[in-house]
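Here is a short briefing on one protein chain. Look at the sequence and the structure first, then read on.

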Amino acid sequence: TVLLALPSASLAHKSKAETVTAPGLERPVKVLRDKLGVPHVFAKSDHDANFMAGWLHANDRLFQMDSSRRQAGGTLAELLGQGALASDVQLRTIGLRRAAVRSQGAVSPESTALLEAYAKGVNAWIAANPLPSEYTALELTKAKVPAWTALDSLSITKLLAFRDPFGI
């Protein structure tokens, strides 16, 4: 059994338990949100734990995730408009997504499988739920939200390292 606790975007939760069954899970997964909204995942496999991490992250933070992957790839202006264009040019020049592509070849098959499981969880959540209100405000539909990939997760890792290269 794998246990995983993830912080939530909101602290306005009551303790709540649910069992999630979704296409892509090997077995049902139990999720217990504590009184602070932190989800605790009880899964029977690493695949299901990582799938559920993707599902829960999408549930709590999809717009932030999408903004971060677009920022890392230098395509944030596609989401937010011309105001993000200068940042896009800079980040495309720096090449964080290109660096993530190169790193992808060095990732172990086991880690790749976990990144893929996470991506499947994100995409399963998107398929099963309406988009967050930020997308409505921008008049964007699911057709404008690209499927999540393992490369997106690696790109965000590069972005986080770029933002704080010393881990401070």
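The axes of helix H1 (residues 46-73) and helix H5 (residues 109-128) come within 7 Å of each other and cross at roughly 50°. The model is predicted: local features need pLDDT of at least 70, side-chain atom pairs count only at pLDDT 80 or more, and totals for chains, interfaces and linings use all residues. Residues are numbered from 1 along each chain as its sequence is written, and side-chain values use heavy atoms, with hydrogens and water left out.

**The chain overall**

- The chain has 7 helices and 4 strands. Helices (H or I, at least four residues) and strands (E, at least two) are DSSP runs, numbered from the N terminus.
- Along the sequence, the pattern is β-β-β-β-α-α-α-α-α-α-α.
- The chain has 168 residues, and 42% of them count as buried. Buried means under 20% relative accessible area, exposed means over 50%, and partly exposed is in between (1.4 Å probe, protein chains only).
- Take the contacts between residues at least 6 apart in sequence: 61% of them join residues at least 24 apart. Contact means heavy atoms within 4.5 Å.

**Helix H1 against helix H5**

- H1 and H5 are therefore oblique to each other, given their crossing at roughly 50°. Angles under 35 degrees count as roughly parallel, over 145 as roughly antiparallel, 65 to 115 as roughly perpendicular, and the rest as oblique.
- The axes are lines fitted to C-alpha atoms, for helices over the stretch in contact, and angles run from 0 to 180 degrees between N-to-C directions.
- The crossing of H1 and H5 is right-handed.
- On the H1 side, the contact includes Asp 46, His 47, Phe 51, Trp 55 and Leu 62. On the H5 side, Leu 114, Lys 120, Val 122, Trp 125 and Ile 126 are among the residues taking part.
- The residues of this H1 and H5 contact divide into 14 nonpolar, 6 polar and 2 charged. Ala, Val, Leu, Ile, Met, Phe, Trp, Tyr, Cys and Pro count as nonpolar, Asp, Glu, Lys and Arg as charged, and the others, Gly among them, as polar.

**Two residues in that contact**

- Ala 53 sits in helix H1. Ala 53 is buried, with a relative accessible area of 6%.
- Ala 53 and Val 41 are 12 residues apart in sequence, and their C-alpha atoms are 8.0 Å apart in space.
- Tyr 118 belongs to helix H5. At 15% relative accessibility, Tyr 118 is buried.
- Tyr 118 and His 47 are 71 residues apart along the chain, with 8.0 Å between their C-alpha atoms.
- Which residues does Tyr 118 contact, leaving aside neighbours within four places in sequence? They are Asn 50, Phe 51, Ala 53, Gly 54, His 57, Met 65, Trp 148 and Ser 153.

**Helix H4 against helix H7**

- Helix H4 (residues 96-104) and helix H7 (residues 150-163) pack at an angle of about 120°, and their axes are 8 Å apart. That makes H4 oblique to H7.
- The crossing of H4 and H7 is right-handed.
- Leu 96, Arg 97 and Val 101 are among the H4 residues in this contact. H7 brings residues including Leu 151, Asp 152, Lys 158 and Phe 162.
- The contact of H4 with H7 has 9 nonpolar, 3 polar and 3 charged residues.
- Asp 152 is part of helix H7. Asp 152 is buried, at 4% relative accessibility.
- Not counting residues up to four places away in sequence, Asp 152 touches Arg 69, Arg 97 and Ala 147.

**The loop between H6 and H7**

- Leu 138 lies in the loop between helix H6 (133-137) and H7. With a relative accessible area of 34%, Leu 138 is partly exposed.
- Beyond its neighbours within four places in sequence, Leu 138 is in contact with Phe 63, Leu 79 and Leu 80.
- Leu 138 and Gly 81 are 57 residues apart in sequence and 9.7 Å apart in space, C-alpha to C-alpha.
- Glu 139 lies in the loop between H6 and H7. Is Glu 139 buried or exposed? At 72% relative accessibility, Glu 139 counts as exposed.
- Glu 139 has a positive phi of about 60°, although it is not a glycine. Most residues other than glycine have a negative phi.

Notes: A crossing is left-handed if the near helix is turned anticlockwise from the far one by less than a right angle, and right-handed if clockwise.
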